[in-house]
Amino acid sequence: MASYSGRGVHGQVVHKLGARIVGGEIAEGEILDIGALGTELDVSLTVMREALKVLAGKGLTDARQKRGTYVRERTHWNLLDPDVIHWRMETGDGTQLLRDLADVRSIVEPAAAHRAALHRTDADLAALETALDAMAQPQADPTAAAEADTAFHRALLAATGNEMLRRMDMLLEPGLRERDRMVHAHGDADDPVPSHRAVLDAVRHQDPARAELAMLDLLAKAAKDLAHLTHTSDATPHR
């Protein structure tokens, strides 16, 4: 599931409106005055209509005869969309999002590690090792560090040999990527390599019980990092 890649004025309008909707500045159910918004953002009606098509694809807006274009209720939003996740992080809903992500990971990833230990192939081990090597490299860019971490978890899901579990990366990756960017940007989180290495070692030795426990330990560490980040964020005045 990819984020919207539009650039220039069109992309800016998509992201400005999306953030305002997700952040609650434009309320659920509100009718959008497209002309007024276009004037405010200094863009044409054509640009506005194209941007609203993108937002409609994410479940944020819709249009009806006699009602016009409006913001849909949150229950219709695609909360797994990478842009929606980014806008939630950007507009102050990140803590709840990360807690929800942690809950989902606690359900999925220990079981995935258990199954990966039973079904992994040499190719799976190579993919996990490559991702771990990338994680071990000094990363000045938080995004690059996040991508390496995400690659490890994607490879672990693939190693289960279960196509449906493998596609769980679509559920986990957008939130995991945002979480990892926060952690790596913060700069004082613990080294993630040892906890991931423990999972890989158990998977390599085909020890499902140890793999599951290693993943539980990894998630406990992730929860500790999140608690620290949340505390720091709550203690920092918003600018």
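The dialogue below goes from the overall fold to helix packing, the cores and the backbone.

Student: What does the secondary structure of the chain come to?

Tutor: Please bear in mind that this is a predicted model. The chain holds 11 helices and 2 strands. Read from the N terminus, the order of elements is α-α-α-β-β-α-α-α-α-α-α-α-α. Of the 239 residues, 43% are buried. Among contacts with a separation of 6 or more, 71% join residues 24 or more positions apart.

Student: How does one describe the packing of two helices, and at what angle do α6 and α7 cross?

Tutor: Two packed helices are described by the angle between their axes and by the distance between those axes. Here, helix α6 (residues 122-136) and helix α7 (residues 142-158) have axes that come within 8 Å and cross at roughly 165 degrees. Because angles over 145 degrees count as roughly antiparallel, α6 is roughly antiparallel to α7. Their crossing is left-handed.

Student: Which residues of α6 and α7 meet?

Tutor: From α6 come D124, A127, L128, A131, L132, A134 and M135, and they meet A148, D149, A151, F152, A155, L156 and A158 of α7. By class, this contact has 12 nonpolar, no polar and 2 charged residues.

Student: Which residues touch the most other members of the largest nonpolar core?

Tutor: In soluble globular proteins, nonpolar side chains tend to be buried together. The largest nonpolar core in this model has 23 residues, and those touching the most other members are L128, F152, L156, V199, V203 and M215. At least two residues of this core come from each of α5 (94-119), α6, α7, α10 (193-204) and α11 (208-235). A second, separate core has 22 residues, including V14, L17, L32 and L52.

Student: What does F152 touch, leaving aside residues up to four places away in sequence?

Tutor: F152 touches L128, A131, L132, M135, H196, V199 and L200.

Student: Where is D42 found, and is D42 buried or exposed?

Tutor: The backbone is of interest at this point. Most residues other than glycine have a negative phi. D42, although not a glycine, has a positive phi of about 60 degrees. D42 is found in the loop between α2 (34-41) and α3 (45-57), and D42 is exposed, with a relative accessible area of 70%.

Student: What is the phi of Q206, and where does Q206 lie?

Tutor: Q206 is a residue other than glycine with a positive phi, near 55 degrees. Q206 lies in the loop between α10 and α11 and counts as partly exposed, at 47% relative accessibility.

Notes
Residues are numbered from 1 along each chain as its sequence is written. This is a predicted model: local features need pLDDT of at least 70, side-chain atom pairs count only at pLDDT 80 or more; totals for chains, interfaces and linings use all residues. Side-chain values use heavy atoms; hydrogens and water are left out. Axes are lines fitted to C-alpha atoms, for helices over the stretch in contact, and angles run from 0 to 180 degrees between N-to-C directions. Helices (H or I, at least four residues) and strands (E, at least two) are DSSP runs, numbered from the N terminus. Angles under 35 degrees count as roughly parallel, over 145 as roughly antiparallel, 65 to 115 as roughly perpendicular and the rest as oblique. A crossing is left-handed if the near helix is turned anticlockwise from the far one by less than a right angle, and right-handed if clockwise. Contact means heavy atoms within 4.5 Å. Ala, Val, Leu, Ile, Met, Phe, Trp, Tyr, Cys and Pro count as nonpolar, Asp, Glu, Lys and Arg as charged, and the others, Gly among them, as polar. A nonpolar core is a set of buried Ala, Val, Leu, Ile, Met, Phe, Trp, Tyr and Cys residues joined through side-chain atoms within 4.5 Å. Buried means under 20% relative accessible area, exposed over 50%, partly exposed in between (1.4 Å probe, protein chains only).
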